[in-house]
Amino acid sequence: MTSVARPDAGVGVTPRQPESQLAEFIRRCERRTGAVFADHAAFHAFSIAEGEVFWRELLAWSGLIHEGLPDPVVTSEDCEHARFFPNLRLSYVENLLAAGPPEQGAIIACSAHTPPRWMSRGQLGDAVSRLAGHLRAQGVGPGDRIVAVAGNNAEAVIACLATAAIGATFSSASPDMGVPALVSRFGQLEPIALVANFFTTGTTGSRTLDTHIAELVHRLPSLRTIVALDDGPLPGGLGVPVARLTELDDVPPDQEWERRPFDHPLFVMFTSGTTGRPKCLVHGAGGTLLEHVKEHRLHIDLRAGERLFFHTSAAWMMWNWQLSALASGAEIVLYDGPVSEPSTLWDVVRRHAVSVFGTSPPYLQLCEDSGYQPPPLPHLRAVLSTGSILHDWQYDWIRSHLGPLPLQSISGGTDIIGCFVLGHPDLPVNRGLIQCRSLGMDVQAVDSESGEPAGDEAIGELVCRNPFPSRPVGFYGDDGTQFHAAYFAAHPGIWTHGDLIEFRDDGQARMHGRTDGVLNIRGERIGPAEIYRALHGIAAVQEAMAIEVLQPDGEALLALLVVLRPDAVLDAALEVEIRRTILAHASATHVPALVVAVSELPVTHSGKRSERAASDAVNRRAATNPEALANPAALGTIRARVAAALDRRIELQAAAGRSHEASTETRVLELWEAVLGIPVGRDDNFFELGASSLTAVRLLQAVHERIGVELPPAVLVVAQTPAQMAALIDGPPEGRAPILVPLRAGRDERPLFIVHAMGGDVLHVRPLAVALETDRAVHGLQARGLDPRYAPHTSVEEMAASYVEVIRAVRGDGPVALTGYSMGGLIAFEMARMLRGTGIEVETLALIDSDLHAECLTPFARRRFRASAPIRYGRYVLAAPRTRVPLFAHKSLYKAGFPVAPPPDTLRLPDRLQRLNDIGWRAFEAYRPKPYDGPATLFLASARYPGHCNPSTVWPRYVRGGLRIERVSADHASVVSPERVGPLAAGLSALLADPPPP
């Protein structure tokens with residue numbers, strides 16, 4: 001990876017590093033024009049006054065591949081109707097993939113529970129071309145719409161680029177959106193094709209995602225083809241042909257990327273749905289690409305070989321923004337999973353030597369509130385933040401915890417798929433301020449009525465007064481009327497964005513939120529119209545209004561004002577019903593923190609509701625124009641009711657759990673209510689209440705602080721209600737980490753026992769238990785050492801003997817079905833030997849990608865294994881990133897960024913889990929199996945790590961009753977991951993239904 005010196009500048013200090021790309025570009029413009037630009041203000045003024053020169057020079061300097069003439073640069077000075085480079089043709093895909101050699105890294109895809117997956121540019125190009133070929137064969141072509149419901153993973157990137165390659169347009173959403181919200185977006189496009197992750201668990205209630213996707217398919221009658229981005233059995237009755245991405249290897253790759261007009265539609269993105277259905281924004285390929293290259297290379301100074309990681313989802317424009325970083329020669333890091341604790345994202349930054357990290361103010365606030373200290377991050381040179389307002393104290397936190405590292409706030413939006421104000425590599429970073437306007441954009445703060453500049457340090461409406469390439473082509477299906485009304489009706493010919501902003505005389509800016517009802521909650525913009533639609537099914541609610549309530553700590557709470565029907569009362573039951581209904585029809589982000597009953601909502605004389613007036617009232621801002629309201633007295637009532645609800649919330653938070661005389665259940669209930677901000681019943685389910693992963697962290701932190709019991713976040717999987725959590729706390733300590741864990745309900749006459757892997761817990765095999773097609777109960781066997789009162793077992797034999805006792809207590813002398821993943825297979829094998837030795841039938845023994853130490857090979861095979869090590873590692877290295885680190889050891893490979901499981905001494909684990917992991921490695925290295933006279937099945941992952949011998953060559957020595965081998969298309973870690981567990985679950989289900997004879 002290219003080494004870039006870390007800047008030594010912090011808050012109020014100018015960054016110092018090798019000449020930035022922006023400085024290089026400025027010198028080029030000086031040579032071409034003969035002008036001299038004394039400072040950034042002078043160069044920005046040039047980029048506006050000589051816009052055609054600026055954009056032409058940027059296109060040439062950037063090296064973007066194109067054909068045709070660069071003249072005219074722009075067809076009009078009118079922002080609403082201008083077109084850029086009408087005589088140019090280019091390919092978005094070609095420019096992303098050709099910005100580095102084929103062997104250079106393109107993607108590192110990470111998830112919460114599996115090792116990273118690395119892809120080179122060549123591998124990505126092959127996968128894209130194969131999927132593009134398949135889509136063409138299905139009749140999908142230029143101008144067609146392809147929609148995606150996907151996680152932030154490599155498969156989503158492949159689908160997006162394949163769509164662009166055939167000239168179709170791509171629209172994506174995340175799996176946690178409810179079906180009504182998806183249909184309100186995708187239904188307008190009449191899409192031809194759907195690509196989806198069928199096995200990612202969403203947060204839309206208790207349904208599994210395959211049901212979720214199946215319902216979506218039935219509500220999109222225009223679909224002609226579906227591509228499943230993951231493996232596994234698919235739901236029946238879809239009525240549309242389905243192909244799996246992993247089954248397209250027979251499609252020959254063809255990387256001849258067709259070039260199309262500069263403004264050929266690339267993405268269709270969606271407005272937030274404030275006043276109705278989300279509007280469909282069509283973004284052109286050339287404008288998107290050129291704007292992103294400008295932002296990445298000039299404003300962020302992103303360089304070839306660096307790694308960019310922006311925490312995002314496929315439903316947010318930052319996903320598209322980070323994808324374009326490939327065109328700058330950078331490698332992008334994806335993370336698909338929850339933020340389970342403050343360290344989650346920083347660990348990704350550390351493990352993958354990230355150069356530029358993008359996050360949100362709520363995550364930084366979580367880190368600060370929890371007292372978290374990020375680890376040393378020698379490769380990190382800049383932190384970006386967007387999604388909501390970045391507060392002054394968060395600059396202080398970065399400086400005090402990460403040292404002199406630029407924290408760059410950026411702001412723009414889905415509307416322009418880019419930024420109006422953002423960072424600058426050579427300007428100071430000042431506390432609470434955004435560094436500069438975006439080059440080539442005449443961004444100003446204006447009076448909302450007159451359209452005149454608001455003046456220095458005066459809050460005004462954000463506008464852009466000149467044409468810019470990333471202005472959307474328009475709204476899909478619109479003749480221009482809606483597009484004009486949305487962005488140009490207020491100030492003709494000038495883009496009106498809808499944000500409030502102030503500029504200092506040096507061009508640095510401060511954001512002040514939205515001018516309309518769009519809400520920023522936990523860094524995500526949401527439209528209240530989706531909340532209102534969800535509430536239609538609740539008879540007690542007559543009207544509702546969603547607004548932000550800003551807290552002293554900077555967090556924006558979502559408050560829902562409800563006008564109830566005359567006979568209704570806002571009690572705990574109705575409040576929970578409201579939250580659950582919104583969760584089921586929208587997403588967890590749409591679930592309000594406060595539900596407040598009011599008698600009326602503010603409306604204008606024409607009957608139009610005013611979210612802005614209500615927001616001003618609760619946040620104690622002066623009403624902009626109270627005379628425009630027909631019922632201004634409503635604001636006082638709203639202010640008082642919300643203030644009372646907030647006071648109650650603060651009282652709950654202050655008092656919750658502190659009374660040692662109260663029962664544990666009462667204290668736990670108080671903590672749940674304090675953290676969630678709503679009345680909670682003893683049997684209410686945490687996730688059905690619309691809580692997020694950040695809320696889970698805060699809840700468990702509160703339990704630790706107030707009750708003195710430390711519980712891991714995953715405890716909410718088994719203790720999902722206050723009553724269950726209280727019982728767990730009141731119960732014996734071993735009850736918090738039992739050896740036997742119920743993973744799936746079912747018939748207990750013939751249960752399946754799954755043995756833990758190296759780390760001792762069984763949470764990582766829960767997706768397998770859930771995916772099985774069986775009526776058996778499934779139990780997990782966890783390590784004794786998870787309970788701090790007991791010393792852990794130190795050998796495979798000790799673990800097996802202990803778990804045999806547990807099984808016999810459950811099953812007596814009945815037949816037993818056993819499986820184990822990784823080292824768990826060794827333990828299960830040893831258990832099977834012990835059980836058969838006592839006359840107990842083992843009806844099924846399945847080893848899931850369970851390696852044995854090379855010492856278990858025959859002497860000849862062992863010598864051959866060692867002698868072939870250079871060849872194995874050499875083949876492995878061919879598919880890995882270039883590195884100078886020696887490649888002869890597992891540890892070296894991991895540190896170099898190779899896609900291998902981390903060695904035990906490099907994981908950042910709690911002390912207890914780290915100890916179990918270390919013991920597990922020693923137990924694995926010491927284990928030497930003895931023969932077993934029964935049958936067994938080995939599920940073998942297709943991707944092998946070169947440091948381990950192939951299990952298929954060594955297990956036959958010890959399984960004397962017949963070994964059946966079933967290969968699974970996955971690597972060791974992903975074989976049990978939610979995304980890839982389908983083939984394994986299908987194979988194990990079949991084995992349980994028809995076990996081999998003893």
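Is Cys160 buried or exposed? Cys160 is buried, with a relative accessible area of 1%; here buried means under 20% relative accessible area, exposed over 50%, and partly exposed in between, using a 1.4 Å probe and protein chains only. Cys856 is also buried, at 1% relative accessibility. With a disulfide defined as a pair of cysteine sulfur atoms within 2.5 Å, the count comes to zero disulfides.

Let me state the basis of these values. This is a predicted model, in which local features need pLDDT of at least 70 and side-chain atom pairs count only at pLDDT 80 or more, while totals for chains, interfaces and linings use all residues. Residues are numbered from 1 along each chain as its sequence is written, and side-chain values use heavy atoms, with hydrogens and water left out.

I turn now to the nonpolar cores. A nonpolar core is a set of buried Ala, Val, Leu, Ile, Met, Phe, Trp, Tyr and Cys residues joined through side-chain atoms within 4.5 Å. In soluble globular proteins, nonpolar side chains tend to be buried together. The largest core here has 93 residues, and Phe43, Tyr92, Ile107, Leu124, Leu161 and Leu323 have the most contacts inside it. Helix H6 (residues 154-165) gives the largest share of this core, 10 residues; helices (H or I, at least four residues) and strands (E, at least two) are DSSP runs, numbered from the N terminus. A second, separate core has 47 residues, among them Met799, Ile807, Cys949 and Val959.

Next, helix H11. Seven of the nine residues of H11 (residues 343-351) are buried, including Trp346 and Val348. Among the elements that cover them are strand S3 (105-111) and helix H13 (392-402), where contact means heavy atoms within 4.5 Å. After H11 comes Ala353, with a positive phi near 50 degrees.

Finally, the sheet. Seven strands form an open, mixed sheet in the order S31-S33-S32-S34-S35-S36-S37; two strands pair if DSSP finds at least two bridges between them. Strand S31 (740-744) and strand S37 (963-968) are at the edges, each with a single partner strand, so one side of each lacks a neighbour in the sheet. On average, neighbouring strands are turned by 25 degrees against each other, direction ignored; axes are lines fitted to C-alpha atoms, for helices over the stretch in contact, and angles run from 0 to 180 degrees between N-to-C directions. Strand S32 (residues 747-755) pairs with strand S34 (residues 816-821) in the parallel sense over four bridges, and Ile754 stands opposite Thr819 in S34.
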